[in-house]
Amino acid sequence: MTVEEKLDIILKSCESKKGIDTKVLDIGGMTSIADYFVIVSGNSSAQVDALAREIDEKLSDEGEEPINTEGKNSSRWIILDFGDIIVHVFHKDEREYYNLERLWEDNENNKNNEKIEEED
């Protein structure tokens with residue numbers, strides 16, 4: 001299964017469980033841990049759990065099992081590691097607090113600025 005096919009399943013799963021503010025971050029050029037982060041929020045612990053279960057089940061149906069899973073007991077921040085894609089399912093309050101998008105987007109912006117300076 002290609003990474004694009006996995007992303008499509010993940011995004012459709014988020015949509016079907018009414019995930020909030022789903023974002024895909026291309027981190028492949030910044031780290032070797034994964035090619036993409038998918039970040040999505042839920043309004044409640046029950047919704048966070050439902051989002052994670054839906055993603056896990058839909059990819060499992062296609063033969064893609066997570067390498068590792070963290071946070072299922074608390075349902076505040078669940079991480080599903082599919083190797084090339086790491087899915088972060090946050091309770092909306094936790095997402096605001098940790099703000100992973102800002103951290104990784106800042107790194108991407110810094111990387112782009114370095115390339116521009118090198119070209120000058």
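Contact is taken here to mean heavy atoms within 4.5 Å, and helices (H or I, at least four residues) and strands (E, at least two) are DSSP runs numbered from the N terminus. Axes are lines fitted to C-alpha atoms, for helices over the stretch in contact, with angles running from 0 to 180 degrees between N-to-C directions. The model is a predicted one, in which local features need pLDDT of at least 70 and side-chain atom pairs count only at pLDDT 80 or more, whereas totals for chains, interfaces and linings use all residues. Residues are numbered from 1 along each chain as its sequence is written, and side-chain values use heavy atoms, with hydrogens and water left out.

Helix α2 (residues 45-61) lies across β1, β2 (36-42), β4 and β5 (85-91), and runs at about 160° to β5. The sheet itself is open and consists of 5 strands in the order β1-β2-β5-β4-β3, with mixed pairing, two strands being paired if DSSP finds at least two bridges between them. Because β1 (20-26) and β3 (68-70) stand at the edges with a single partner strand each, one side of each is left without a neighbour in the sheet. Neighbouring strands of this sheet are turned against each other by 10° on average, direction ignored. Strand β3 pairs with β4 (residues 77-81) in the antiparallel sense over 3 bridges, and Glu 70 has Ile 79 in β4 as its bridge partner.

The axes of α1 (residues 3-16) and α2 come within 9 Å and cross at roughly 145°. On the side of α1, Lys 6, Ile 9, Ile 10, Ser 13, Cys 14 and Ser 16 take part, and these meet Leu 51, Glu 54, Ile 55, Lys 58 and Leu 59 of α2. The residues of this contact divide into 6 nonpolar, 2 polar and 3 charged (Ala, Val, Leu, Ile, Met, Phe, Trp, Tyr, Cys and Pro count as nonpolar, Asp, Glu, Lys and Arg as charged, and the others, Gly among them, as polar).

The structure also holds 3 aromatic pairs, defined by ring centres of Phe, Tyr and Trp (its six-membered ring) within 6.5 Å, with planes under 30 degrees apart counted as stacked, over 60 as edge-to-face and the rest as tilted. The ring centres of Trp 77 and Tyr 98 are 4.7 Å apart and their planes stand at 45°, so this pair is tilted. It links distant parts of the chain, with Trp 77 in strand β4 and Tyr 98 in helix α3 (residues 92-98), 21 residues apart. Ring pairs join Trp 77, Phe 90, Tyr 97 and Tyr 98 into a cluster.
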